[in-house]
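Visitor: I would like to learn how to read surface and charge features in a model. Please take me through some cases.

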Amino acid sequence: MDIDFLSHEYFMKEALKEARKAFDEDEIPVGAVVVCNNHIIARAHNQTEKLNDVTAHAEMLAFTSAEEHIGSKYLKECTLYVTLEPCIMCAGAAYWTQLGELVYGVADEKRGYNLVSKKLLHPTTHVTAGIMHEECSMLLKEFFRQKRMQNQ
């Protein structure tokens, strides 16, 4: 596959691989990748349970890894692909990184940043929503279905 023609779907599939890792580790299945110049420079999935850290969201871990990779706290030329719409904390972090683009799979109708304000992101950040919506949604639904069955 020619690197110039990698699509949003290609990178979202990579984020979904991370989300499946979280699922397998009994974490809420959210995965993220940071892409710069059509190369994945960071991968992460939720690890709040494993690390006993409420801030260990996939996006936060991916930002830290990407910043270390490029040697800068700014991700102006980067795109974050994440399976679930970022929460307010992660949107705030995206603001401070001056993220170039945010691409997410499914909206978070309970905790997504859009519930508060679309202005939580940096004004130059471009947003694309709904990429591989069905696949991202199904993984989350299956995770919470299993949790409900465990609690019965």
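Visitor: Is Ile88 buried, partly exposed or exposed?

Guide: This is a predicted model. Ile88 is partly exposed, because its relative accessible area is 42% and that class runs between 20% and 50%. Ile88 sits in helix α4, residues 88-97.

Visitor: Now charges. How many salt bridges does a search of the whole structure find?

Guide: The general idea comes before the count. Side chains of opposite charge can pair when their charged atoms come close. Here the search finds five salt bridges. One of them joins Lys17 and Glu14, with the closest N and O atoms 2.9 Å apart. Both residues lie in helix α1 (residues 8-24), three residues apart. That is about one turn of the helix.

Visitor: Which of the two partners is buried?

Guide: Glu14 counts as buried, at 9% relative accessibility. Lys17 is partly exposed, at 45%. Glu14 and Lys17 are also linked with Arg43 in a network of salt bridges.

Visitor: What about Glu18 and Lys21?

Guide: Their side chains meet in a salt bridge, 3.0 Å from N to O. Glu18 is buried at 3%, whereas Lys21 is partly exposed at 40%.

Visitor: Where do Lys147 and Asp26 lie in the chain?

Guide: Lys147 forms a salt bridge with Asp26, closest N and O atoms 2.8 Å apart. This pair links distant parts of the chain, 121 residues apart. Lys147 is in helix α5 (residues 133-150), and Asp26 is in the loop between α1 and β1.

Terms used
Residues numbered from 1 in each chain as written. Predicted model: local features only at pLDDT ≥ 70, side-chain atom pairs only at ≥ 80, totals over all residues. Heavy atoms only, no water. Helix = DSSP H or I, 4+ residues; strand = E, 2+ residues; numbered from the N terminus. Buried < 20%, exposed > 50% of the residue type's maximum accessible area, 1.4 Å probe, protein only. Salt bridge = Lys/Arg side-chain N within 4 Å of Asp/Glu carboxyl O.
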